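Trainee: I would like a close look at one strand pairing in this model, and then at whatever can be said about its surroundings.

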Amino acid sequence: MLDTPVTALTGAGVSAESGVPTFRGEEGLWRRHRADELATPTAFRRDPLLVWEWYDWRRRLIDQCRPNPAHHTLASMEQALNVFTLITQNVDGLHQAAGSNNVLELHGNIWRLRCTACNHVCEDHRVPLPDLPPPCPQCGQLLRPDVVWFGESLPGEILDTAWAAAERCRTILVIGTSATVQPAASLPLVALRGGATLVEFNPAETPLSRHAHRVIRAPAAQALPDWWAVYRPS
Ligand code: BJW
Ligand code: ZN
């Protein structure tokens, strides 16, 4: 196990037990908020204040959340394994807060802001933000959350690195994602094509479940530390 390449792909479910809402399902954000009004470039052009109010609300909520044992287990894996890649669709920064040093953030980070005019990128942890929509400190134009909305490309280099990690791994752990959003949802299938073993951690069935070698139908904060206690190299 020590030298066996392991890749983990996480989604909103890994942060659910920290108190961060997921997107889909009974309690999901998309039940009460429309994705096409909040998470597309068109929505932002139409009403930047509305979109920013929603992101500011989420930032305040995430600010209250702490990493859970699943995040901590993934940080331990990075320390213990020689070839380990953590890929996340989450924008909450909780993997880094748990101690993971190398996190491939496919959908960006809610604590980073990017200028729509000059592309200046800055980190800003203030909650709430003092001005909505926030102005760029370099040019005064409109900042946006540095996240990936529907219809936008994922950061190319990060996606390439994630793809390569999926291709070369022997084990892929898929944790807390509905596996419905592309291209992230294809990564486990890439790993399978390369001959990897797929282990899914999710209390609910997903389109990936039928392809998984093992499905652990339990909340990640319990199930992942239990799995690692058995598989960690001694
Ligand atoms: C637990 C748990 C516990 C609960 N323990 N588990 C090919 C085919 C069809 C469509 C497309 C395609 N290629 C591209 C598209 C379009 C689109 C797409 O995929 N649409 C589908 C919905 C059909 N993709 C895109 O637009 C992407 N861009 C792109 O591909 O560019 C090129 C292109 C564009 C257009 C056409 C063709 C090519 C960009 C996608 C960006 C996604 N952005 C969001 C918002 C990010 C910013 C923000 O946070 O505000 O990313 S949407 C949202 O979904 C967020 C998430 O990262 C992402 C995935 O959700 P995730 O993480 O899986 O969460 P949930 O809620 O869905 O699931 C939670 C799971 O946890 C559930 O299964 C629970 O059971 C489980 N769970 N508690 C463990 N305790
Ligand atoms: Zn600017």
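Trainee: How many bridges join strand 7 (residues 171-175) to strand 8 (residues 197-201), and do these strands run parallel or antiparallel?

Mentor: Strand 7 and strand 8 are joined by 5 bridges and run parallel. Keep in mind that this is a predicted model, in which local features need pLDDT of at least 70 and side-chain atom pairs count only at pLDDT 80 or more, while totals for chains, interfaces and linings use all residues. Residues are numbered from 1 along each chain as its sequence is written, chains are lettered from A and ligands numbered from 1 in the order in which they are written, and side-chain values use heavy atoms, with hydrogens and water left out. Strands (E, at least two residues) and helices (H or I, at least four) are DSSP runs numbered from the N terminus, and two strands pair if DSSP finds at least two bridges between them.

Within this pairing, Val 174 has Glu 200 of strand 8 as its bridge partner. Thr 171 also belongs to strand 7, and Thr 171 counts as buried because its relative accessibility is 12% (buried is under 20% relative accessible area, exposed over 50%, partly exposed in between, with a 1.4 Å probe and protein chains only). Apart from neighbours within four places in sequence, Thr 171 is in contact, meaning heavy atoms within 4.5 Å, with Pro 5, Val 6, Thr 7, Ala 196 and Thr 197.

The two strands are part of an open sheet of 6 strands, in the order 3-2-1-7-8-9 and with parallel pairing. Strand 3 (103-105) and strand 9 (214-216) form the edges, each pairing on one side only, and neighbouring strands are turned by 20 degrees against each other on average, direction ignored. Helix 8 (residues 156-168) lies across strand 1 (6-10), strand 2 (84-88) and strand 3, and runs at about 120 degrees to strand 3; for such angles, axes are lines fitted to C-alpha atoms, for helices over the stretch in contact, and the values run from 0 to 180 degrees between N-to-C directions.

There is also an open sheet of 3 strands, with the order 5-4-6 and antiparallel pairing, whose edges are strand 5 and strand 6. Strand 4 and strand 6 pair over 4 bridges, and Cys 115 stands opposite Leu 143 in strand 6. Helix 5 (residues 48-63) lies across strand 4 and strand 6, at about 140 degrees to strand 4.

Cys 115, in strand 4 (residues 108-115), and Cys 139, in the loop between strand 5 (121-123) and strand 6 (143-147), are 24 residues apart, and the pair links distant parts of the chain. Cys 115 counts as buried, at 1% relative accessibility, whereas Cys 139 is partly exposed, with a relative accessible area of 35%, and Cys 118 is likewise partly exposed, at 38%.
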